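User: Please take me through this entry region by region, with the criteria behind each value spelled out as they come up.

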Amino acid sequence: MKRLTGVVVPLVTPLTEDDQIDVESLQKLTDHCIDGGLQCLYPCGTTGEMMYLTVEERKLAAEAVVKQAAGRVPVFVHVGAWNLKDTIELAQHAAEIGADGIGVVTPTFYAISDRGLIDYYTSVAKSVPADFPVYLYGIKQNAINDINKYVCDEVAKACPNVIGAKYSFPDMTRLQQLMTANNEDFDVLVGPDHLFEAVCAVGGKGVVSGNAMIIREHYAAVWDAIQKKDYDLATKYQRRTNVLNSVMCAINNIAAYKVILKEEGIIATTKMRRPMENLTPEQEKELLETMKKLDYKKVIIG
């Protein structure tokens, strides 16, 4: 089974002016990330406005990325949806189209017990081939529900294809607890970018970063330094990314990514799926001016 490692990019979902999936832009974005030296693509996640896309739109986006990547890097499709039926449909579709694995966010909106989470994840993992990798996904600030070591242990015990988790809440204690799941054979990737180096230094496998779409070279440099265990250098690169990320994430990071990607000619529009908001013209102008002043394309030691 392939595993997530390094810089995993949760892609935005480009939209046309008439609010359709922009497949051509998504293909360009796929190439953009691969050419930037990033390790894995993760379409239809939080950064991809997942919960505001239809099941059919999510299938279309997943197919476009898998086909365009053409095996150059792994593609793990996020499939967590509003209910179990849709989640299983998306999971099985990901396996059918040749994705390398899936991520599955916890059920959202309604509070679910640990036992309910275990049942949910077990149902999803058993709906796909036994050798098809599944990662749990915790983002309690958005989804209400959270994953813990007990949930990971129980699901991994029941389903050997559950091999790790993406954890997107900045809690180093919880992150390290998850690393001990399944007798310490459980991959953990961090969502909050500022913890990238720190989590990898204590056993984490990488970061899932939307910011990496924009500052590809910076993330490639951090990962290279981590691989060489040159943590002094990784820290310096990490600090540079922290400065740039604070600008992109100041108001609405997903909308900011689209503004910069359009400015660079990677995607055609900045359109967000309603009720998600676009940046105002004034906010767009300030974002682009600030990023250019910071010389954001230049990889320097921060």
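User: In which loop does Asn252 lie?

Analyst: This is a predicted model, in which local features need pLDDT of at least 70 and side-chain atom pairs count only at pLDDT 80 or more, while totals for chains, interfaces and linings use all residues. Residues are numbered from 1 along each chain as its sequence is written, and side-chain values use heavy atoms, with hydrogens and water left out. Helices (H or I, at least four residues) and strands (E, at least two) are DSSP runs numbered from the N terminus. On that assignment, Asn252 lies in the loop between α11 and α12.

User: Is Asn252 buried or exposed?

Analyst: The classes rest on relative accessible area, with buried meaning under 20%, exposed over 50% and partly exposed in between, for a 1.4 Å probe and protein chains only. The relative accessible area of Asn252 is 17%, so the residue is buried.

User: Which residues is Asn252 in contact with, leaving aside its neighbours within four places in sequence?

Analyst: Contact here means heavy atoms within 4.5 Å. Leu279 is 27 residues from Asn252 in sequence, and the two C-alpha atoms are 7.4 Å apart in space. Once neighbours within four places are set aside, the contacts of Asn252 are Met272, Glu277 and Leu279.

User: Which residues is Glu264 in contact with, leaving aside its neighbours within four places in sequence?

Analyst: Glu264 is found in the loop between α12 and α13, and its relative accessible area of 24% makes it partly exposed. Thr290 is 26 residues from Glu264 in sequence, with 15 Å between their C-alpha atoms. With neighbours up to four places away left out, Glu264 is in contact with His32, Tyr296 and Lys297.

User: Which peptide bond is cis, with omega near 15°?

Analyst: Most peptide bonds are trans. The loop between α12 and α13, which runs up to the helix at 281–293, holds Pro275. The cis bond, with omega near 15°, is the one from Arg274 to Pro275.

User: What is the relative accessibility of Cys44?

Analyst: Most residues other than glycine have a negative phi. Cys44, however, has a phi near 70°, a positive value in a residue other than glycine, and it is found in the loop between β2 (40–42) and α2 (55–69). Cys44 counts as buried because its relative accessibility is 2%.

User: What is the relative accessible area of Glu184?

Analyst: Glu184 also has a positive phi, about 65°, although it is not a glycine. Its place is in helix α8, residues 181–184. Glu184 is exposed, since its relative accessible area is 63%.

User: Which residues does Arg216 touch, not counting residues up to four places away in sequence?

Analyst: Arg216 is found in helix α10, residues 216–227, and it is buried, with a relative accessible area of 13%. Apart from residues up to four places away, Arg216 touches His32, Cys33, Asp35, Gly36 and Leu38.

User: Which residues is Asn211 in contact with, leaving aside its neighbours within four places in sequence?

Analyst: The place of Asn211 is in the loop between β8 (206–208) and α10. With a relative accessible area of 2%, Asn211 is buried. Its contacts, on the stated sequence exclusion, are Asp193, Tyr219, Asn245, Met248, Cys249 and Tyr257.

User: Of the residues that line the largest pocket, which are the closest to its centre?

Analyst: On a 1 Å grid over the protein atoms alone, a pocket is an open set of points where a 1.4 Å probe fits, with protein on both sides within 12 Å along at least five of seven lines, and lining residues have an atom within 4 Å of a point. Grid points are joined across faces, edges and corners, and a volume is the space filled by probe spheres set on the points. About 830 Å³ of space lies in the largest pocket. Of the 36 residues that line this pocket, the closest to its centre are Thr46, Thr47, Tyr137, Ile139 and Asn142.

User: Which elements give two or more residues to the lining of the largest pocket?

Analyst: The lining includes residues contributed by helices, counted here where an element gives two or more. The elements concerned are α5 (140–143), α11 (231–248) and α12 (253–263).

User: What percentage of the 302 residues of the chain count as buried?

Analyst: The chain has 13 helices and 8 strands. Its C-alpha atoms fill a box of roughly 50 × 50 × 35 Å along the principal axes. Of the 302 residues, the proportion that count as buried is 56%.
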